[in-house]
Amino acid sequence: MKKNIPYVTYALMAINVVMFLITAVKSGGTSINSRVLIDWGGALVPYIKSGQYWRLLTATFLHGDIMHILFNMYGIYIFGPQLERIAGPFKFLVIYILSGLGGSLLSYLVNINTRGLSIGASGSLFGLVGAMIVIALKFREQIGRGYLSQLILIVGYNLVYGFMPGSGIDNFGHIGGLITGLVSTAVLVLPLLGRR
């Protein structure tokens with residue numbers, strides 16, 4: 001039914017894809033040039049330190065190559081509709097944006113003494129997984145503990161892999177998004193579910 005279509009999830013995915021296509025054209029291929037990423041809002045530490053705080057948000061809609069965006073969009077496609085239907089479109093959007101910002105902010109604070117560039121929707125994606133962990137905890141008797149275990153396994157595997165040498169993954173962006181997703185869902189969604 002139309003009211004169950006997760007429009008916000010699809011809109012966010014569309015924005016990510018459009019931004020990837022634009023930067024791919026600017027780069028002349030699907031491996032995106034770092035200069036293009038910076039020009040289009042990548043979270044480069046010196047620029048943020050100079051006051052360009054908006055990059056903490058715009059960087060969450062940029063991706064470095066085709067596998068990067070495919071992985072993140074697949075995750076958002078899996079978890080986004082679930083959370084949007086549970087939390088409602090507005091609260092889902094708030095959790096998504098806050099998680100992206102939380103991931104960018106922690107990454108920035110950890111890398112504040114470097115010239116690091118951070119991009120990607122993975123902070124938002126980890127926030128969505130964190131949100132579903134909170135919900136699965138609340139309803140673990142109804143939905144079974146297996147789903148909760150799967151979510152925790154997904155998070156654990158990705159964090160361990162992210163800390164492996166040479167992974168090239170900004171794990172602090174993941175952790176910041178996860179924490180923000182957990183907290184924002186506990187504040188915004190759990191009271192609503194408690195009244196159902």
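Let me begin with a term: a residue counts as exposed when its relative accessible area is over 50%, as buried when that value is under 20%, and as partly exposed in between. Please keep in mind that the model before you is predicted.

My opening topic is a pair of side chains. A search of the whole structure returns one salt bridge. The side chains that form this salt bridge belong to Arg 35 and Asp 39, with a distance of 3.1 Å from N to O. Where do these partners lie? Both are in helix H2, which covers residues 34-39, and because they are four residues apart, about one helical turn separates them. Asp 39 has a relative accessibility of 51% and is therefore classed as exposed. Arg 35, at 40%, is classed as partly exposed.

I turn now to helix packing. Two packed helices are described by the angle between their axes and the distance between the axes. Helix H7, residues 122-138, packs with helix H10, residues 171-188, at an angle of about 40°, and their axes are 7 Å apart. H7 and H10 are therefore oblique to each other. Their crossing is right-handed.

Which residues meet here? On the H7 side they include Gly 123, Phe 126, Gly 127, Gly 130 and Val 134. H10 contributes, among them, Gly 173, Gly 177, Leu 178, Gly 181 and Leu 182. The residues in the contact of H7 with H10 comprise eight nonpolar, nine polar and no charged.

Thank you for your attention.

Key: Residues are numbered from 1 along each chain as its sequence is written. This is a predicted model: local features need pLDDT of at least 70, side-chain atom pairs count only at pLDDT 80 or more; totals for chains, interfaces and linings use all residues. Side-chain values use heavy atoms; hydrogens and water are left out. A salt bridge is a side-chain nitrogen of Lys or Arg within 4 Å of a carboxyl oxygen of Asp or Glu. Helices (H or I, at least four residues) and strands (E, at least two) are DSSP runs, numbered from the N terminus. Buried means under 20% relative accessible area, exposed over 50%, partly exposed in between (1.4 Å probe, protein chains only). Axes are lines fitted to C-alpha atoms, for helices over the stretch in contact, and angles run from 0 to 180 degrees between N-to-C directions. Angles under 35 degrees count as roughly parallel, over 145 as roughly antiparallel, 65 to 115 as roughly perpendicular and the rest as oblique. A crossing is left-handed if the near helix is turned anticlockwise from the far one by less than a right angle, and right-handed if clockwise. Contact means heavy atoms within 4.5 Å. Ala, Val, Leu, Ile, Met, Phe, Trp, Tyr, Cys and Pro count as nonpolar, Asp, Glu, Lys and Arg as charged, and the others, Gly among them, as polar.
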